[in-house]
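Let's take a walk through a protein model together. Keep the picture open while you read, and look for each spot as it comes up.

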Amino acid sequence: GVRHHLVWGESERWPWLLPLLNAFEAGSVAGFTVLGGLAWWRGMRIAATERLALRRLVLLSLPILAAAILVPPFLSMDPIDYVVRGRVVTLHGGNPYVDVPSTFADDPFLGYGDAPWKDFPLPYGPVVADLQGLVAWFANRFAFLPEPGELVVAIALFKLVFAGSLLGAAVVARAIVRRLAPGSESRAFVAVLWNPLLLNECVAQCHNEALLLLTVLGAVGALLAHRAGTAALVLGVGVLVKFVPLLLGPHLLAVAVRQRRLGAFALGVGGAAALAAMYWWQYFRVDGAFDFLSRQSAQNASSVLWGLQQLLGVEARTVLLPGRVLVVVAALVAVWQVWRRPEPRVLLTAVAATMLTLVACGLTLHGPWYHVWWLPFALLLGSGYLFRAACIASVSAPLGYLVWAFARRHDEPSQWLTLALGMLVPLLGALLWRPRAANSETPNG
């Protein structure tokens, strides 16, 4: 939990300390992944054999969440950028989609985190923009604390919000599995909340994927409960967190039509559109407010498409277009399957497969946190190829940080390791993993 980026400033005052801290943090990543993975898998097996009340599950999980909150985010600079961009909104009166943090040169927080991202506009949706502004404003009430006290308060607030989001996602997952496989509710709760990758990315490293996960799971859960209007509205909120859930709109629409709840779904879409219009007025009615979309798409590292570029010696656009065509085809096939059989398992499979295809083939940038987009849905299936790939990714993807943690470099060795452990090992390993018996592949059979 040593966070020398904040405490020692990259150990510039004591250069001899930096390699020791890096080695300690790399060892922490490896130890957490191995021990956390074993505990997670055993926890799922135990939960599958006992019907645990939700209150007991939450109480058992609070110490784990508390530990993830207390661990400083030593693998990610994103939380610092959340705070800095939030200050652009509420303390400087700027528009985070147009005014980059470096515009406000006198802001003392510019000295923290990665300098290049201070010249980058907000790459997330307006819900995140407002959340960042609110947290930055509240943390500024603690400006009297010694440096970097205000920053620590802000990051702690983000962690609390994201921990609550992950807990809420586990509760929703439990409700979904009650319809899919009655008796496996406790296993589903543990599968999400105790998952090493989800704990690390959503809480310990403080990525806002927790908000996205809560909204998309909430939309799927509402639809399975025949609340199509709520599902459309919640998915719309998810799109305003990050735009990627828009790809799942046709999946939910297909189920709503088969449920004969198209009118309710349309009302939910209308509510989401009204919210989007409000945010357009707040942030996007100025020139250049949507430029962040093209700039974010230009990021290129650690992905399957990046690997193909390196092997074939071609430009990003050469592999990006075929990859995105494949994503569209996969989404259309998934929608067709959902239309034919609007059942809980088919819908979860369609969502997981579509988002996995997007992560694997539709992005030139990949990071372990992108697994949050698909992995929880695959875990709820309890069996099959996607479930096996999700289980492997839960313990292999965090190890992709090892080179970065040890050497603090994002060069090719680090990127190849992230790609291998984050994508290739789970996708190929799931093909080789054969259950010992028909009822032993997963804890819930």
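What you're looking at is a predicted model. The mean pLDDT of the chain is 90, and 94% of its residues reach 70 or more. Residues 438-445 are another story: pLDDT stays under 50 over that stretch, for which the model has 22 contacts beyond four places in sequence.

Start with T33, which sits in helix 2 (residues 17-49). Is T33 buried or exposed? With a relative accessibility of 2%, T33 counts as buried. If you leave out residues up to four places away in sequence, T33 touches V395, P398 and L399.

Now jump to helix 14, which covers residues 304-312. Its buried residues are L305, W306, G307 and Q309. What covers them? The cover includes helix 15 (316-340), helix 16 (344-361) and helix 20 (412-432). After helix 14 comes G313, with a positive phi near 65 degrees.

S297 belongs to helix 13 (residues 291-297). S297 counts as partly exposed, because its relative accessibility is 37%. Setting aside neighbours within four places in sequence, S297 is in contact with R324 and T364.

## The empty space inside

How do you find a hole in a protein? Rolling a probe the size of a water molecule over the atoms shows where empty space is left. A search of the whole structure turns up one cavity of 30 Å³ or more, and the volume of the largest cavity is about 50 Å³.

Which residues line the largest cavity? They are L212, L213, V216, P245, L248, M355, V372, W373 and F377. Helix 9 (residues 209-224) gives the largest share of this lining, three residues. Sorted by class, the lining has nine nonpolar residues, with no polar and no charged ones.

C202 is buried, with a relative accessible area of 0%. C206 is buried as well, also with a relative accessible area of 0%. C361 has a relative accessible area of 18%, and because buried means under 20%, C361 counts as buried too.

Most residues other than glycine have a negative phi, and most peptide bonds are trans.

Against that, have a look at C206, which is not a glycine but has a positive phi of about 65 degrees. C206 is found in the loop between helix 8 (196-204) and helix 9. H226 is not a glycine either, and has a positive phi of about 65 degrees. H226 lies in the loop between helix 9 and helix 10 (228-241), and is partly exposed, with a relative accessible area of 42%.

For a sense of scale, P148 and S297 are 149 residues apart along the chain, and their C-alpha atoms are separated by 33 Å.

Technical notes. Residues numbered from 1 in each chain as written. Predicted model: local features only at pLDDT ≥ 70, side-chain atom pairs only at ≥ 80, totals over all residues. Heavy atoms only, no water. Helix = DSSP H or I, 4+ residues; strand = E, 2+ residues; numbered from the N terminus. Buried < 20%, exposed > 50% of the residue type's maximum accessible area, 1.4 Å probe, protein only. Contact = heavy atoms within 4.5 Å. 1 Å grid on protein atoms, 1.4 Å probe; cavity = no way out; pocket = protein on both sides within 12 Å on 5 of 7 lines; lining within 4 Å. Points joined across faces, edges and corners; volume = space filled by probe spheres on them. Nonpolar A, V, L, I, M, F, W, Y, C, P; charged D, E, K, R; others polar. pLDDT = per-residue confidence, 0-100.
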